[in-house]
Structures are given as C-alpha cells and as structure tokens.
Amino acid sequence: MYLVCLNEEEKELFLGMAYHLATSDGEYGEEEKSAIEGYCQEMQCTFDVSAVKPFEELVGRLNVVSEDKVKRIIT
C-alpha cells in the first residue's frame with residue numbers, strides 16, 4: 001500500500017477511521033487488532049486508542065487537510 005506516503009496527521013486520521021470500522025460490530029477482536037498493528041508497521045507509527053475521535057470529526061478533518069491523492073490512498 002501507499003500508507004507510508006501519509007503525513008503524521010493523516011496517519012492518525014486513517015488509524016482512527018480504521019478503528020471505527022474495526023469496532024463497528026461492537027467488538028475489537030484479535031483479527032482487528034492485528035490489522036491495525038499491520039497498518040502501524042507499514043506506516044512506522046503507533047496507535048493510541050484513547051486518542052480516537054468521533055468518526056464524523058475524522059472524516060471532516062481529512063477533507064480539510066488532505067489532497068485528493070491522499071483521499072484515494074485511504075479509500
């Protein structure tokens with residue numbers, strides 16, 4: 001993937017959205033945790049679940065700070 005191309009804020013936004021998706025069924029199992037860890041390894045960053053903001057806030061911020069190229073990478 002091209003996730004390494006994201007800047008630090010975009011990485012945090014991506015991980016927050018991925019976390020919301022992973023927990024959308026009300027569970028955060030080992031498979032979801034493993035996927036998030038894989039994203040972190042690829043982006044060479046860490047994930048702090050306590051810093052996750054509401055999904056709508058993440059999407060809104062992504063629309064403000066990111067170019068179309070980054071939006072395509074994330075989606």
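Reader: Leaving aside its neighbours within four places in sequence, which residues is S66 in contact with?
Author: S66 is in contact with E10 and K71, leaving aside neighbours within four places in sequence; contact means heavy atoms within 4.5 Å. Before we go on, this is a predicted model, where local features need pLDDT of at least 70, side-chain atom pairs count only at pLDDT 80 or more, and totals for chains, interfaces and linings use all residues. Residues are numbered from 1 along each chain as its sequence is written, and side-chain values use heavy atoms, with hydrogens and water left out.

Reader: Thanks! What joins the side chains of S66 and E10?
Author: A polar contact of 2.9 Å joins them. Such a contact is a pair of N or O atoms within 3.5 Å; within protein, one must be able to donate a hydrogen and the other to accept it, and residues adjacent in sequence count only if both atoms are side-chain atoms.

Reader: And where is S66 found, by the way?
Author: In the loop between helix 3 (55-65) and helix 4 (68-74). Helices here are DSSP runs (H or I, at least four residues), numbered from the N terminus.

Reader: Is S66 buried or exposed?
Author: S66 is buried, its relative accessible area being 8%. Buried means under 20% relative accessible area and exposed over 50%, with partly exposed in between (1.4 Å probe, protein chains only).

Reader: Switching topic, how do the axes of helix 1 and helix 3 cross?
Author: They come within 10 Å and cross at roughly 150°. That makes helix 1 roughly antiparallel to helix 3. Axes are lines fitted to C-alpha atoms, for helices over the stretch in contact, and angles run from 0 to 180 degrees between N-to-C directions; over 145 degrees counts as roughly antiparallel.

Reader: Which residues of helix 1 meet helix 3?
Author: E9, E10, L13, G16, M17 and H20 in helix 1 meet F55, L58, V59, R61, L62 and V65 in helix 3.

Reader: Nice. What about K11, which place does that one have?
Author: K11 sits in helix 1 (residues 8-22). K11 is buried too, with a relative accessible area of 7%.

Reader: What lies 2.9 Å from a polar atom of the K11 side chain?
Author: The backbone oxygen of M43. M43 also belongs to helix 2, where E32, I36, Y39, C40 and M43 meet K11, F14, L15, A18, Y19 and A22 of helix 1.

Reader: How do helix 1 and helix 2 (residues 30-43) cross?
Author: Their axes come within 10 Å and cross at roughly 170°, so helix 1 and helix 2 are roughly antiparallel to each other.

Terms used
Helix = DSSP H or I, 4+ residues; strand = E, 2+ residues; numbered from the N terminus. Parallel < 35°, antiparallel > 145°, perpendicular 65-115°, else oblique.
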